[in-house]
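Biologist: Please show me the sequence and the structure, and then let us go through them by question and answer.

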Number of protein chains: 2
Amino acid sequence: MAQDFFCLHSDLCKTLASEKRQRILGALRDEELTVSQIVTATGMTQANTSQHLSILRAKGVVNARRDGSNIRYSIANPKIIQAFDLITEVMQETLDAQRGVVDGIVEPADGRIVTKA
Amino acid sequence: MAQDFFCLHSDLCKTLASEKRQRILGALRDEELTVSQIVTATGMTQANTSQHLSILRAKGVVNARRDGSNIRYSIANPKIIQAFDLITEVMQETLDAQRGVVDGIVEPADGRIVTKA
DNA sequence: TGAATACATTCACATATCTGAATGTCTGCA
DNA sequence: TGCAGACATTCAGATATGTGAATGTATTCA
């Protein structure tokens, strides 16, 4: 694997790993939206929304097309939604596991790594 | 969707969005490894490896079990690998698209958003 | 019990990222 | 051409994150 593979990979991950940008992607999940609509949907300020859209655009995560005085954004690659959903599943399963739900086994809540038989 | 959903979600993403942690996950991809083995595989220092393993452990991304004087790490949920691979695909397709490969259409290289017919 | 190995943690500092405020640019319309 | 609406960008301060150095803890073995 190329030496900078992980760098590119984590770079894309970093782009996705922002609460605000996730909110934007959540809003764009099913439809193309203008910036104003994204602002309304996310409750963020216009300037901050633009900043994050700029980052998403630069990384090729979203597409932008001008439509009159509006600019309409959409998610560039449907696999991003798939990845998003996969992370959601992992998150849910991890939360369950941390609650000790699986097999009814409860691990020590502190960070200790215990010795097992 | 719950208000802190995106927070939890991006939190997990942030955990994955580190070049070093990705290198660790890459090493753990197919096998359980001791810390020493991870250090060798990644070329990172022992202390730094431990720091990142600690973060991965805290977020439930990896499992740790003691085996004698060693501690063996493994990836907690195979879906993390799936997500990893999905991101890889998106990354590859985005790079191709940015090179203007798709449909032979080359977009302006600067950040401009042009008006289309 | 003491030394050695394997690993974890803490601290202080450097670096990156996020944010709001202010301002700039583009488009449509009068 | 001038104004208004829609959106982007820049800047500076705040906050978060990553890093090496030093040190601590647990386990094995003599």
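Contacts and fold of chain A

Modeller: In chain A, 49% of the contacts with a separation of 6 or more are between residues 24 or more positions apart, a contact being heavy atoms within 4.5 Å. This is a predicted model, in which local features need pLDDT of at least 70 and side-chain atom pairs count only at pLDDT 80 or more, while totals for chains, interfaces and linings use all residues. Residues are numbered from 1 along each chain as its sequence is written, chains are lettered from A and ligands numbered from 1 in the order in which they are written, and side-chain values use heavy atoms, with hydrogens and water left out.

Biologist: What pattern does chain A follow along the sequence?

Modeller: Helices (H or I, at least four residues) and strands (E, at least two) are DSSP runs, numbered from the N terminus. Chain A has five helices and three strands. Read in order, the pattern is α-α-β-α-α-β-β-α.

Biologist: Which element gives the largest share of the side of chain A that touches chain B?

Modeller: The interface brings 45 residues of chain A into contact with 45 residues of chain B. The rule finds 12 residue pairs in polar contact across it, both at pLDDT 80 or more; such a contact is a pair of N or O atoms within 3.5 Å, where within protein one must be able to donate a hydrogen and the other to accept it, and residues adjacent in sequence count only if both atoms are side-chain atoms. Elements giving two or more residues to the chain A side include helix H1 (5-16), helix H4 (46-58) and helix H5 (78-98) of chain A. The largest share, 15 residues, comes from H5(A).

Biologist: How many salt bridges are counted between chain A and chain B?

Modeller: A salt bridge is a side-chain nitrogen of Lys or Arg within 4 Å of a carboxyl oxygen of Asp or Glu. Lys79(A) and Glu93(B) meet in one, at 2.7 Å, N to O, and Lys79(A), Glu89(B) and Glu93(B) are linked in a network. Between chain A and chain B the count is four.

Biologist: Is Gln22(B) buried or exposed?

Modeller: Gln22(B) is placed in helix H2 (residues 19-28) of chain B. Leaving aside neighbours within four places in sequence, its contacts include Phe6(A), His9(A), Ser10(A) and Cys13(A), and also Phe84(B). The classes are buried under 20% relative accessible area, exposed over 50% and partly exposed in between (1.4 Å probe, protein chains only). With a relative accessible area of 2%, Gln22(B) is therefore buried.

Biologist: Asp85(B) and Arg29(B) meet in a salt bridge; how many residues apart in sequence are the parts that the pair ties together?

Modeller: The two side chains meet at 2.8 Å, N to O. Asp85(B) lies in helix H5 (residues 78-98) of chain B and Arg29(B) in the loop between H2 and strand E1 (33-34) of chain B, so the parts tied together are apart in sequence by 56 residues.

Biologist: What separates Glu19(A) and Arg23(A) in helix H2 of chain A?

Modeller: Their side chains meet in a salt bridge at 3.3 Å, N to O. Glu19(A) is partly exposed at 26% relative accessibility, and Arg23(A) is partly exposed at 23%. Because the two are four residues apart in helix H2 of chain A, the separation is about one helical turn.
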